[in-house]
Amino acid sequence: MPIVEPAGRLKLYAYLDAREHQRTYLAIMRLFTSTLLADLSAGEVAGALAGAEREGRVEPGESRIENVINRLKQLVEWGNLVQGRREVVASSIAEFQHGSVRYQVSKLAVRVQRDADELLRVPEGAREVSRELLPAVERGLGQLGRSLSEALVSGAPRAREVLAEQVTTLFLQHAELAATVRDFYAYLGQVVTRHHLDPEEISGFRNLLVEYIQMVVEDVLRHTPAIAEALAGLNAARSELLRLLGRAELGERVERARGRSAEDWQELTDWFVDRPGRPSQVTALREATARAIGSLLASVKRATSGGGLLPGRRAELLKLAAWFDASTREQAHELYAAAFGLYSARHVSPAPEHDSDNERTPWRDGPVHEVQVSVRSRGDRGARGRTSRILDDPMTEQSLLAEAREADERRAASVAELAAAAPRLAETTLSGEALGVLCELLTLAMAQRDSAQDSGSASDPVRGLRVTVEHARGRTATIRSHAGTLTLHDSTLVLD
């Protein structure tokens, strides 16, 4: 099977945004993904689309065999379907052509359609965080440690099966937990940054932030230390764990379940445990909560200060939109004329850049226009205030440039001092600034190490000085400076 390049894979999404026949493409792909090993001809697809056409789910005429063949060929060109052949008994050449060519759905297209249907089913509100999975992950890691010990001691096939079962369950639980956290905080970021909030919305978001988020963060922080400790123990035996899980039974080029590679375990560890220069998702969650609470307090201040501009028009616009949604066609025209003073059933706007049938498009299906903040808050488009002048301050500019040149010269001198002291680093007393540069590069080198036994290196991107730190049991690296002494145990330090 040929490998599809990333640029070609993006064509798999083309039918979801097709300007024409989008509903037909969706109906065809749902037909192919509704059963396992679907193998359909153009005639069978046309028969299925005939029922959808009668129900109004596709446009009239889309079930005609010539139209179905064109849609199927287009999906094959995009990579969603693949062609095949099968021996058939036909009474005519046309029947043979329509029945012998079969179509199957590709593996990646199944994922695209599955994700699209899932996206269409997602409600607009917040998604509940699966907090109950945190203690499940903690218990799963504890059981996994015991199962790994039993499998190493006994080596029985049944012990390996139990180990694989627990690893798969653990990663499925963590994937669901991480997905719910991401979705919830995405919704939270969407609503707390809105300029105007109703009193009821402010009250609801206050309860959401103060009660629900506090409960989520407390659960995460309570279980994280035990999870981090268990992951540290498993990381020490990661190579043995991966060996017991075995190789892929379907060959080398196969997508394996999560937890069968070192990258999967590193991703799981990084979700709970901080590393130098790489904060964990737990830390990001805590920081995002603090930002959300700050945004809510700012919204409450705007709503209750009383010293701002006129009250917002958002509530009135939403009420008008609800009236439009519940009205008939004639009532919608009357509302449109009464609300905007435009006594016409056609679009009153400049001619579009392209030739289209906008005059035949209902208002609810037409293009969406952004409503400016000034319109929502004051009901007019008039500008307020004036643009501040950009001040030209040459003295401040020159002083900042001089400070930047001085800082660059000091760093260059520090790097040169480190390069000169590299052959006899243990015998040299560095300056305070040289030690600061060394500690900066040493921190970046430490961040490259997954464990204490690994090596790491980092270099100055401008001047090329490289610092390498390696594990060496029993050895000590000592760096002396006028600002103090830095000691690294069980390590060696090399400058080049």
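**Figure 1. Helices α7 and α8 packed against each other in a predicted model.** Start with two helices: α7, covering residues 133-154, and α8, covering residues 157-192. Their axes come within 9 Å and cross at roughly 160 degrees. Angles over 145 degrees count as roughly antiparallel, so α7 is roughly antiparallel to α8. The crossing of this pair is left-handed. If you wonder why an angle and a distance get quoted together, two packed helices are described by the angle between their axes and the distance between the axes.

**Figure 2. Who touches whom between α7 and α8.** Here's the contact up close. From α7 come L133, L134, A136, V137, L141, Q143, L144, S147, L148, A151 and S154. On the α8 side, look for A159, V162, L163, Q166, V167, L170, Q173, H174, E176 and L177. What classes of residue make up the contact of α7 with α8? It has 14 nonpolar residues, six polar ones and one charged one.

**Figure 3. A288 in helix α12.** Now hop over to helix α12, which spans residues 281-305 and holds A288. Is A288 buried or exposed? Buried means under 20% relative accessible area, and A288 has 17% relative accessibility, so it counts as buried. Look for Y185 too: it sits 103 residues from A288 along the chain, yet the C-alpha atoms of the two are separated by 7.9 Å.

**Figure 4. T492 in strand β7.** This view takes you to a strand, β7, made of residues 484-495, with T492 in it. The relative accessibility of T492 is 14%, so this residue counts as buried too. Which residues does T492 touch? Leaving out residues up to four places away in sequence, T492 touches T468, V469, E470, A472 and R475.

Figure 5. Zooming out for context, the protein chain has 17 helices and seven strands. Buried residues make up 32% of its 496 residues. Take the contacts with a separation of 6 or more: residues 24 or more positions apart account for 60% of them. Which elements have the lowest and highest mean pLDDT? Helix α5 (residues 93-100) has the lowest, at 54, while helix α2 (residues 22-33) has the highest, at 92. Where pLDDT is low, the predicted coordinates should not be read in detail.

Conventions
Residues numbered from 1 in each chain as written. Predicted model: local features only at pLDDT ≥ 70, side-chain atom pairs only at ≥ 80, totals over all residues. Heavy atoms only, no water. Axes fitted to C-alpha atoms, helices over the stretch in contact; angles between N-to-C directions. Helix = DSSP H or I, 4+ residues; strand = E, 2+ residues; numbered from the N terminus. Parallel < 35°, antiparallel > 145°, perpendicular 65-115°, else oblique. Left-handed = near helix turned anticlockwise from the far one by under 90°. Contact = heavy atoms within 4.5 Å. Nonpolar A, V, L, I, M, F, W, Y, C, P; charged D, E, K, R; others polar. pLDDT = per-residue confidence, 0-100. Buried < 20%, exposed > 50% of the residue type's maximum accessible area, 1.4 Å probe, protein only.
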